[in-house]
Amino acid sequence: MAAGGAAPEPELELELEPEPPRRGPAAEGEDEAAAEAELAAELAARRSAEARRLVLSPRRLSGPLPAGLSQWFPALEVLDVSGTGLAELGAELLALPRLHTLLAKNNRLGGPGSLPKGLGQAPLGRSLRVLNLSGNRFAEVPPALLGLRGLQSLSLGGNRLHGIPPDIQELRSLEFLYLGGNFITSIPPELANLPSLSYLVLCDNKIQSIPPQLAQLHSLRSLSLHNNLLTYLPREILNLVHLEELSLRGNPLVVRFVRDLTYNPPSLQELAGRTIKTRNVPYAPSDLPENLVRYLSLASNCPNPKCGGVYFDSCVRQIKFVDFCGKYRLPLMHYLCSPECSSPCSSASQSSTSQSESDSEDEASVAARRMQKVLLG
Amino acid sequence: MEQPAMMEQPVQTETWKARSLEELIRILHRIFAEDKVSVEEVQALMESYESNPEEWLQYAKFDQYRYTRNLVDNGNGKFNLMILCWGEGHGSSIHDHTDSHCFMKILQGNLKETLFEWPEKKGNGEMTKKSERVLRENHCAYINDSIGLHRVENISHTESAVSLHLYSPPFDSCNTFDQRTGHKHKVKMTFYSQFGERTPCGTVVPQENN
């Protein structure tokens with residue numbers, strides 16, 4: 001993101017001039033080698049033990065960064081090589097002990113050797129805080145960067161990612177994660193293990209569902225989900241009470257009440273299990289085969305507080321509107337123990353006691369009235 | 001405060017050229033001191049200013065989570081001139097302009113503007129998109145409530161965007177609309193900074209952006 005603000009002191013920031021025009025046609029290999037040598041010479045000539053920022057854009061680079069970078073600029077904290085056409089970032093970065101910000105957007109990175117091996121083990125692994133690789137060609141999150149334990153901000157926007165690796169959870173310090181504008185179809189629940197994540201951008205992808213574990217991201221302040229393929233959100237999203245920004249537009253979210261989608265009647269085993277649990281029929285491990293004892297321990301409580309029932313595997317998906325932080329209307333997926341069991345969303349709804357058809361219509365009109373109140377209030 | 005009448009036809013045939021942000025503001029003050037102001041004239045004036053980041057960088061304060069509104073000049077009460085900073089992916093909700101005129105000039109990057117019809121009175125369905133376009137650097141767009149509602153977004157995942165907005169008369173609240181239902185919701189607008197100084201306000205109200 002652009003910083004805006006006071007310009008840094010000139011003697012501590014180096015910006016290279018755009019390259020001079022080419023002399024004339026020459027063998028391409030010669031040209032590239034010559035250009036690389038020229039760049040190395042130019043940087044060496046401007047070497048500085050104090051320079052903290054180096055901006056190479058918008059110079060077009062024909063080859064990798066010169067190996068002498070860390071010798072010429074040992075105090076470098078910020079390196080901006082955006083828009084230079086770089087196809088790989090190499091070992092020349094590893095020896096920059098103070099580098100905390102690396103901006104390499106709009107390049108040709110994405111192939112196998114794009115990031116140097118040993119990134120996590122180098123001093124850079126602990127010092128790097130901001131990494132911007134947006135506008136490149138990554139088809140997967142490069143494994144090399146998962147070792148950056150100190151990384152606070154990562155952008156891979158506008159690449160070609162099809163998924164997010166579960167090992168993303170290794171980036172323990174991550175606060176800002178921008179993955180908008182890719183081809184991501186699903187989110188690994190491990191993403192929820194990032195303890196400091198406060199800004200998560202997943203807009204403009206192909207995501208069909210959100211794992212309920214995302215509700216564990218207690219520090220999440222901003223969640224961007226617009227322009228995806230979401231038809232519903234899990235009810236656990238209600239737990240994100242610190243959320244200040246939420247974008248959902250451009251998703252095929254269900255607007256109306258949807259009646260029972262599918263219902264598999266419970267098995268006899270399930271019915272027996274329910275009876276045992278709800279009637280508190282006493283049993284001891286010696287009374288039952290081990291597998292049934294284990295089965296009985298897996299009982300879940302129906303989310304409907306008025307129901308008080310239990311279920312094992314049989315559940316009904318019911319898609320409903322529920323208020324969120326008192327302001328939003330989201331369709332959520334409720335796992336409920338039977339079609340008779342419709343969860344009232346708040347004490348305002350009086351109608352639900354039992355039985356299907358009339359029940360859901362009453363609920364529909366009550367909820368419609370509440371919807372108007374919430375949105376216009 | 002007496003507001004000048006805004007006219008659709010040009011009042012004079014003068015074509016202004018603002019050679020700096022300071023000059024733009026000076027000319028705006030002159031124009032708005034008159035009884036009648038022409039929409040075309042203001043739009044042409046805003047467009048004539050060639051964006052120079054050195055002149056507005058001090059107002060361009062970005063926020064990590066959402067776009068910011070940074071007041072530049074309060075036009076003697078006749079107009080508000082402000083700079084909006086949009087990080088990658090940042091966008092506004094669909095909103096109206098509280099019976100005011102709104103000019104929006106791009107200073108850096110690009111912004112997508114999507115126009116919507118006003119929802120029906122008893123509307124309970126998806127809002128109707130009228131048109132959309134991407135506004136380029138230095139272009140100045142105009143909208144008012146009779147034209148419709150709009151959503152403005154920075155759809156780039158790699159570049160931030162900066163825009164210069166003029167609202168006349170000034171207003172500090174507007175309605176936001178839920179695209180799925182057409183329901184509206186009044187919101188108070190605040191400034192992230194004023195005259196280059198950060199002005200934090202109280203608790204932030206959660207924003208649903210739909």
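**Chain A overall.** I'm working from a predicted model, so local features only get a mention at pLDDT of at least 70. I counted six helices and 15 strands in chain A. Of its 377 residues, 46% are buried. For contacts in chain A between residues at least 6 apart in sequence, I got 46% joining residues at least 24 apart.

**Helix 4, chain A.** Which residues of helix 4 are buried? Within residues 268–278 I found A:E270, A:G273 and A:R274. Looking down the axis, I saw these buried residues fall within an arc of 100°, so they line one face of the helix. Next I asked what the buried residues pack against. My answer was helix 5 (290–296) and strand 13 (310–311) of chain A. Just past the end of helix 4, I noted A:N280 with a positive phi of about 55°.

**A loop in chain B.** I then went to B:Q179, which sits in the loop between strand 12 (173–177) and strand 13 (184–188) of chain B. Is B:Q179 buried or exposed? Its relative accessible area is 13%, and the cut-off for buried is under 20%, so I logged B:Q179 as buried. Its side chain makes a polar contact of 2.9 Å with the side chain of B:R151.

Notes. Residues numbered from 1 in each chain as written. Chains lettered and ligands numbered in written order. Predicted model: local features only at pLDDT ≥ 70, side-chain atom pairs only at ≥ 80, totals over all residues. Heavy atoms only, no water. Buried < 20%, exposed > 50% of the residue type's maximum accessible area, 1.4 Å probe, protein only. Helix = DSSP H or I, 4+ residues; strand = E, 2+ residues; numbered from the N terminus. Arc of directions from axis to C-beta. Contact = heavy atoms within 4.5 Å. Polar contact = N/O pair within 3.5 Å; in protein donor to acceptor, adjacent residues only side chain to side chain.
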